[in-house]
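Subject: Structure handover

Hello,

Here is the structure I promised you. Please open it first, then read my notes below.

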Amino acid sequence: MRIREIVTIAAAMAVFWGMSSAAQAGEISGTVTARGARNSANIVVFVEKAQGEFPAPEKHARMDQKGLKFVPHVLPVLVGTTVDYLNNDNVMHNVFTPSGTADKFNLGTWPMGETRPYTFKQEGAAVMLCNVHPEMEAWVVVLQNPYFAVTDKSGAYTIKDLPAGSYILKLWHEKLNKYEPQSVEVPAEGTVNADFSLKR
Ligand SMILES: [Cu+2]
């Protein structure tokens with residue numbers, strides 16, 4: 001083998017090694033402690049401005065109208081995602097939003113068993129309301145990348161399948177907004193911890 005061939009093979013191997021290591025993924029998990037809310041649930045933990053292209057998912061997300069509530073109460077989605085609104089109740093429900101990032105849509109009013117979709121084209125949080133039941137309220141949080149999670153009642157969350165690298169982690173909550181964003185180094189394998197405290 002000539003020197004040039006060896007160099008070429010070595011370079012190809014370096015590229016391959018680089019690609020395979022980039023394909024490895026770790027995860028971030030932790031707990032958000034919320035002060036000033038009933039519990040620490042429904043906090044979106046998300047990566048700010050991840051690099052790369054994130055095509056809109058083919059799979060639709062879903063927000064039900066069930067028991068005179070929107071379920072889930074907080075639904076984070078990647079920008080471009082279509083959300084299907086399914087009425088599970090034996091009454092008419094409406095879905096509308098005054099939020100500009102969601103075109104201030106009003107999908108109309110429909111009966112049990114029917115679904116109407118809306119595709120979220122802009123980043124930002126949009127409040128979901130029903131003009132039949134003023135107490136119904138929920139949020140769709142539209143994000144730039146698919147690296148996000150929602151906390152459970154204890155405040156616990158896990159963001160899975162992150163390519164190794166540095167990220168800024170942020171929070172979204174419907175009422176509370178004081179916290180310190182965190183920079184996190186995600187390993188090629190395993191979990192890194194990031195805990196937050198959040199208040200009004
Ligand atoms: Cu309703």
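Predicted model: local features only at pLDDT ≥ 70, side-chain atom pairs only at ≥ 80, totals over all residues.

**Copper site**

The protein donors are His93 through ND1, Cys130 through SG, His133 through ND1 and Met136 through SD. They lie 2.0 to 2.8 Å from the copper ion. What is the arrangement of the four donor atoms? It is irregular, because the angles they subtend around the copper ion run from 92 to 137°. A tetrahedral call would need all angles between 85 and 135 degrees.

His133 has a relative accessible area of 11%, so it is buried. Met136 also counts as buried, because its relative accessibility is 2%. The cut-off for buried is under 20%.

Gln65 is found in strand 3. Is Gln65 buried or exposed? Its relative accessible area is 0%, so Gln65 is buried.

Strand 3 covers residues 61-66. It belongs to an open sheet of four strands, in the order 4-3-6-9, with mixed pairing. The edges are strand 4 (69-71) and strand 9 (115-119), and each of these pairs on one side only. From one strand to the next, the twist averages 25°. Strands 3 and 4 pair in the antiparallel sense, over three bridges. Lys66 stands opposite Lys69 of strand 4.

**Nonpolar cores**

In soluble globular proteins, nonpolar side chains tend to be buried together. The largest nonpolar core here has 25 residues. Which residues have the most contacts inside it? They are Ile28, Tyr157, Leu169 and Phe196. Strands that give two or more residues to this core are strand 1 (25-35), strand 2 (44-48), strand 13 (156-163), strand 14 (165-172), strand 15 (182-186) and strand 17 (196-199).

A second, separate core has 21 residues, including Val77, Ala102, Phe105 and Ala138.

Look at Phe196 while you are there. Among the residues it touches are Tyr157 and Leu169. Others include Thr31, Val32, Thr33, Val45 and Leu171. The stretch Tyr179, Glu180, Pro181 and Gln182 is also in contact with Phe196.

Best wishes

Key: Residues numbered from 1 in each chain as written. Heavy atoms only, no water. Pairing = 2+ DSSP bridges. Axes fitted to C-alpha atoms, helices over the stretch in contact; angles between N-to-C directions. Core = buried A, V, L, I, M, F, W, Y, C linked by side-chain atoms within 4.5 Å. Buried < 20%, exposed > 50% of the residue type's maximum accessible area, 1.4 Å probe, protein only. Contact = heavy atoms within 4.5 Å. Donors = N, O, S within 2.8 Å, 3.2 Å for Na, K, Ca; no water. Tetrahedral: all angles 85-135°; square planar, octahedral: opposite > 155°, others 65-115°. Lists of a residue's contacts leave out its neighbours within four places in sequence.
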